[in-house]
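Welcome! Please take a look at the structure below and keep it in view while you read this short report.

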There are 2 protein chains.
Amino acid sequence: KALNEVHFFPSEVACVERIFTPSSTHLCSCPLPHGVDTSFSRLLRHVLSASSSMDLCIFSFSNMDLCRAVLALHRRGVTIRVLTDKDYAAITGSQIGALRKAGICVRCSVGSGYMHHKFTVLDGRLLITGSLNWTLSAVQGNAENVVVTDQPELVQPFMKEFHRLWELNEPA
Amino acid sequence: KALNEVHFFPSEVACVERIFTPSSTHLCSCPLPHGVDTSFSRLLRHVLSASSSMDLCIFSFSNMDLCRAVLALHRRGVTIRVLTDKDYAAITGSQIGALRKAGICVRCSVGSGYMHHKFTVLDGRLLITGSLNWTLSAVQGNAENVVVTDQPELVQPFMKEFHRLWELNEPA
Ligand SMILES: [Zn+2]
Ligand SMILES: [Zn+2]
């Protein structure tokens, strides 16, 4: 059966520590609510489900939890390619530098318009797309949507467009 | 069979006059290419396909052709509701004022975060969503995506969220 999910934001705020360390027996003592499923925790779980590849096309990326998730995938051996907007890669709080430093392949769009996409394709199989930039204000402040689907009719055009944009934009 | 389309931008630039006046025998003499199908012409055609209702949730709306399409639907008797961001409704070039003037129901989000959605549900049946704001720079300049689908699993959550946001945000 096809997977078709829609998640809306702003997300409730809850601790996501458990999502990163599911096998830990340590109980988190931070002040945030625990054991709560939120739009954001569902998004994070989907991202962390990648086992072989992640192609990420994102206008603005400053969210620390999503950065931690991408770095965790990278350490696990998932092949990651990140295409981002050249102007927004350099703004305060951008995590693009941290991804590069960790050895992840990053390219910046060279066109005159914005690289305004907010999608990722995981394992050539799962598409996550919508209005949501990977920032804290988008997750916790804005009215936003994220579609998660594994339908080939939707996944394949995004994969193809990613490859086209990746070739079009030289490594910076 | 389910409809699932993805359109990428920037769109080629072509004349859209024919889309608005399909039965006209007059040949347009403007300097743009004619008889060309583009991402934007496909988007316009989908928008113009509405026959009973249009619920539009859009962060930024300054595109004149899309405004013309919404006004055409309104004149045809399609029930239109527009929810937009309060800050962006007032910027230069915004078409929100023109919609209001024509008698279309417009509400502005009152939350502290942005109303950052870019989706519309037509006739409670067709969902158009993605990264694309309804502006000229998004259509002709940016790398953007638009998903068009009639799958209930995707359409229904967006309808529900529209109703929730509509009730939440008082008429301005
Ligand atoms: Zn905690
Ligand atoms: Zn023309």
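How far apart are the mean positions of the 16 positive and 15 negative charges of chain A? They are 4 Å apart.

Before going on, please note that this is a predicted model. For chain A the mean pLDDT is 95, and 99% of the residues in that chain reach 70 or more. The complex as a whole is given an ipTM of 0.95 and a pTM of 0.96.

**The fold of chain A**

Along the principal axes, the C-alpha atoms of chain A fill a box of roughly 45 × 40 × 35 Å.

How does the chain fold back on itself? If you take contacts in chain A between residues at least 6 apart in sequence, 74% of them join residues at least 24 apart. Buried residues make up 53% of the 172 residues in this chain.

**Backbone details to look for**

Most residues other than glycine have a negative phi, and most peptide bonds are trans.

| Backbone feature | Angle |
|---|---|
| cis peptide bond, Phe9(A) to Pro10(A) | omega near 10° |
| cis peptide bond, Phe9(B) to Pro10(B) | omega about 10° |
| positive phi, Asp123(A) | phi about 55° |
| positive phi, Asp123(B) | phi near 55° |

Where can you find Pro10(A)? Look in the loop between β1 (4–9) and α1 (17–20) of chain A. In chain B, Pro10(B) sits in the loop between β1 (4–9) and α1 (17–20).

And in which loop is Asp123(A)? Asp123(A) belongs to the loop that runs between β5 (118–122) and β6 (126–130) of chain A. Asp123(B) is found in the loop between β5 (118–122) and β6 (126–130) of chain B. Neither of these two residues is a glycine, and each has a positive phi.

Methods: Residues are numbered from 1 along each chain as its sequence is written. Chains are lettered from A and ligands numbered from 1 in the order in which they are written. This is a predicted model: local features need pLDDT of at least 70, side-chain atom pairs count only at pLDDT 80 or more; totals for chains, interfaces and linings use all residues. Side-chain values use heavy atoms; hydrogens and water are left out. Buried means under 20% relative accessible area, exposed over 50%, partly exposed in between (1.4 Å probe, protein chains only). Contact means heavy atoms within 4.5 Å. Lys and Arg count as positive and Asp and Glu as negative; His and the chain ends are not counted. The place of a charge is taken as NZ of Lys, CZ of Arg, CG of Asp or CD of Glu. pLDDT is the predictor's confidence in each residue, from 0 to 100. Helices (H or I, at least four residues) and strands (E, at least two) are DSSP runs, numbered from the N terminus.
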